[in-house]
Amino acid sequence: MPSKAKTGKKLVIVESPAKSKTIAKYLGEGFIVEASIGHIRDLPQPSDLPAELKKTSVGKFAVDIENDFKPYYVVSPDKKKKVAELKAQLKDADALYLATDGDREGEAIAWHLLEVLKPKVPVYRMTFGEITKEAIHRAMDNLRDVDSALVDAQETRRILDRLYGYEISPVLWRKVARGLSAGRVQSVVTRMVVDRERERMAFKSASYWDLTGQFGTGSATFKAKLAAVDGAKVASGRDFNDDGVLTSANAVHLNDELATSLAAGLENADFRVRSVDTKPYTRRPAAPFTTSTLQQEAGRKLRFTSKSTMQIAQRLYENGYITYMRTDSSALSDEALTAARRQAAELYGPEYVPQSPRVYANKAANAQEAHEAIRPAGDSFRTPAQVANHLTGDAFRLYELIWKRTIASQMGDAKGSTATIRLGAVATDGRDAEFSASGTVITFPGFLAAYEEGKDESRGDDDSDEARRLPNVAKDDSLTASDIIAIGHETSPPPRYTEASLTAELEKRGIGRPSTYASTISTIQDRGYVRKQGSALVPSWIAFSVIRLLEQHFTDYVDYEFTADMEGDLDKIANGQAVGAAWLKHFYYGEDADPGLLSIVNNLGEIDAREINSVPIAEGITLRVGKFGPYLESSIPTVDPKTGEVVESARANVPEDLAPDELTAAKAVELMETAAPRNASWARTRTPDTPWLPRTADTAPTSLRSSRR
DNA sequence: CAGTGAGCGAGCTTCCGCTTGACTT
C-alpha cells in the first residue's frame, strides 16, 4: 500500500454543523470545515467510573477532591464516532484551526479538542462573532492560542456544578424524598416559583370602588373614570399593598356605599371641562431577539412553549432561514443592519428609517455575546411572502415574527400625542367629583407599522392608555353625562410566573444560559417541583419542603445572587487574577469563617424531617408532605362518639390539582370535614351548630338517586 | 394505599452547558 500523502488541507473545527457549511463556502479551497457538535468530553457519572477509581478520592464526583480538584474527563459516548472522524481528518491535514464559539464554553471545547486530538501540526485558535465572509477572513488574520485561563474558568464552573448538585441532592433524598435534585440553577429557579406562591398565599385582597361615565359634546362621547373626590385622589389598585392596606396617605378609599351614592348624586350634575393637557408621545422599538426574548414573544404571540420555540428555531437555522438561535446578544452585524434598513425603506418608505442605525445595549447580566441577535439569515432578508411556500404553519409564523422584529428594530420611533381631559361636577350632596380620560393619537407609526411587542398579563388596573382619539374640547365647555355607574374592584395578587416571564427573569438575573432556559424549566417539572396549569407555573408542596430545607441549611447557595457572585469570581479566574483549584478548595473545604460545602453537609445535625415537611395552614391544621404526597393533619384531639376513644389526630388528602395558594384555612377545614368517616367527630366538635351530611359510601348514592328523580 | 417508624442494610437516585440526530410515545 502506498504511504498516504497529506492533502495539504487545513482542518477547521466549529461547534455546529449548520455553521460549518457556510464557513466552508467563505474559506474556499484548501480548508475542510468540520463540527464538534458541542462538547466532546465531560465528567462521567461517578457510577460509570472504573472500579479501581471508585474507591479513591475521585470516586464521589469524578473529580479528585484531594488533588486540586483534578477532573476525570471521558469522551462522551455519543461523541466517540465524531472524535474518531476528526482524528482521521486531522491525519491528512497540515494545520488545525479551532474555531469554536468565542465564549467560555467555546474556549473549553477548543481545549478539549486539543487534549483529545493531540495534533502534530500547527494549531491556531480563531473566533468570530458573526458568520460573514469579512468576519471569517478577519478571524484568520487574528489567530491566537487557546486561552488557558478562560478554560480554567469554565472547568471551575463545571466542577462547582458537580460538587453543588451531587453533594446537596443526597441530603434531599434523606430528608424529603428519593430521586430529588438540587443544583445551582434549578434550585434558585424553583425558589423563585415558590417565593411567588408564598407572596400569593400571604396576599390579602382589598376592595375598592370607583365610577365611570360617558361624557360628550353633541354626538361625540368618550368614557372617563373618576380620578378625585373633593380634590383628593381616588384610591386604585396600586395604592394598596399586598396586605390589603391603603398605602397612599392622601387617597380616598371609596367603598360600595360611598361610590353608589356619589354616582346617584351626579346624575343630573353640570359637568364641565376643567383642563385639557396634551403631551408628545414617542415609543422606541424593541431590540432584536435574543433566545430569551424570542421565547417570551413566541409564548405571548404564538402560544408556543419555550421548548417548541427552540425546536422550530433550530429547524429554521439549519435550513438557512435565521441566524443562530442560542444567543444572549441583541446586536446585529453590519451586514444585517444594512439589510434591515434597506428593506424597511423599500417596504415602508425612507422616512421610516432613522439617519443612523440603532444600536442596542445588552441588558442581561453575564452576557457572553458569542453570537449576534436572532434575525433572518443572509445579507438581504427574505420577506415572509417569499418564504411562505417553503415553510409550514408554525415555522412560518416564527420566521415572520423574527423578520418583523428585526425590521422594526431598525425603524423610527412611533410619534404622536397623548391628551388628558379632566372634567368635573359637584354632586347633590356637595361632594366635588373629578373625572379624567386620556387617549393617544399616533401621528407617525414608525416601527409600529411593522411590529409591536406583546405584553405580559399586567397587575392592577386595566391600562387606559389605549390608542383612541378624544373629541376636541376646551376648558369650561359644558358636557353631557350619562351612564355614571359605580364599579367595584379587588386588588389581585402578584401573578404566577409563566415560562416566558420566568425565562425573562432568569436572563435578567444572569441565572442559566440561553442553551439551558428551556431544559431548566423541563427539569423542575420532571422533578415534580413545578407543574403547569394553563401557562402558569405552580409549585408543588414538595418544592416548598425542598426550598425550606435549602433556605435553612444552604442559605448562601440558594441566594438569588449566587450565580452572579460566582460569575464575578470566574471572571477573575479568566483574567488570571485567581486560580480555579484554589477557588474550588475554598468553596468545598471552606476558609476562615466560611465553613465550605463539605462541612455544612457533614454537620447538618438533626434536620427534623417532619418539621421540614410541614406547613401550618390553619389553627390546628398542618400540611405535611408524606411518602404518598401531601396530606392535611389536624392536631386537635377529639372523642369518637361511638367508641368513646380519644382520637389524637385526623387526616385528609389534598387534591393533586389544588394549588398551594388555594389551600386556605377555610379550604383546609372543608377538606377535613369531607374526608374519611373517621373524621366525622372532628367536624362535629369543630362546628357543632352546622348540620353536616357526611359524604360517605353509605349516604352518597342515596342522595344522588333521590336528587335525580 | 398510609403517614417520618425495629431490626439488617443492597442498590438506587443527582449537577450545568454545548451541540444534533436517533430513538420511542
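Predicted model: local features only at pLDDT ≥ 70, side-chain atom pairs only at ≥ 80, totals over all residues.
**Notebook: aromatic rings**

I started with a cluster: ring pairs link Tyr 164, Phe 554, Tyr 557, Phe 562, Trp 583 and Phe 587.

I picked two of them to go through.

Entry one, Phe 215 and Phe 222. I read off 6.5 Å between the ring centres and 45° between the planes, so I put this pair down as tilted. Buried or exposed? I checked both residues, and Phe 215 and Phe 222 are each buried.

Entry two, back to the cluster, which includes Tyr 557 and Phe 587. Their ring centres sit 5.8 Å apart with the planes at 65°, so I noted the pair as edge-to-face. Where do the two residues lie? I found Tyr 557 in the loop between α16 (541–553) and α17 (562–574), while Phe 587 belongs to helix α18 (residues 580–589). The pair therefore ties together parts that are 30 residues apart in sequence. For accessibility I got 7% relative for Tyr 557, so I counted Tyr 557 as buried. Phe 587 comes out at 9%, so I wrote down buried for Phe 587 too.

Last entry, charges over rings. I found Lys 19 over the face of Tyr 324, at 4.8 Å from the ring centre. I also found Arg 162 over the face of Tyr 166, and there the distance to the ring centre is 4.5 Å.

Notes
Residues numbered from 1 in each chain as written. Chains lettered and ligands numbered in written order. Heavy atoms only, no water. Phe/Tyr/Trp six-rings, centres within 6.5 Å; stacked < 30°, edge-to-face > 60°. Buried < 20%, exposed > 50% of the residue type's maximum accessible area, 1.4 Å probe, protein only. Helix = DSSP H or I, 4+ residues; strand = E, 2+ residues; numbered from the N terminus. Lys NZ or Arg CZ within 6 Å of the ring centre and 35° of its normal.
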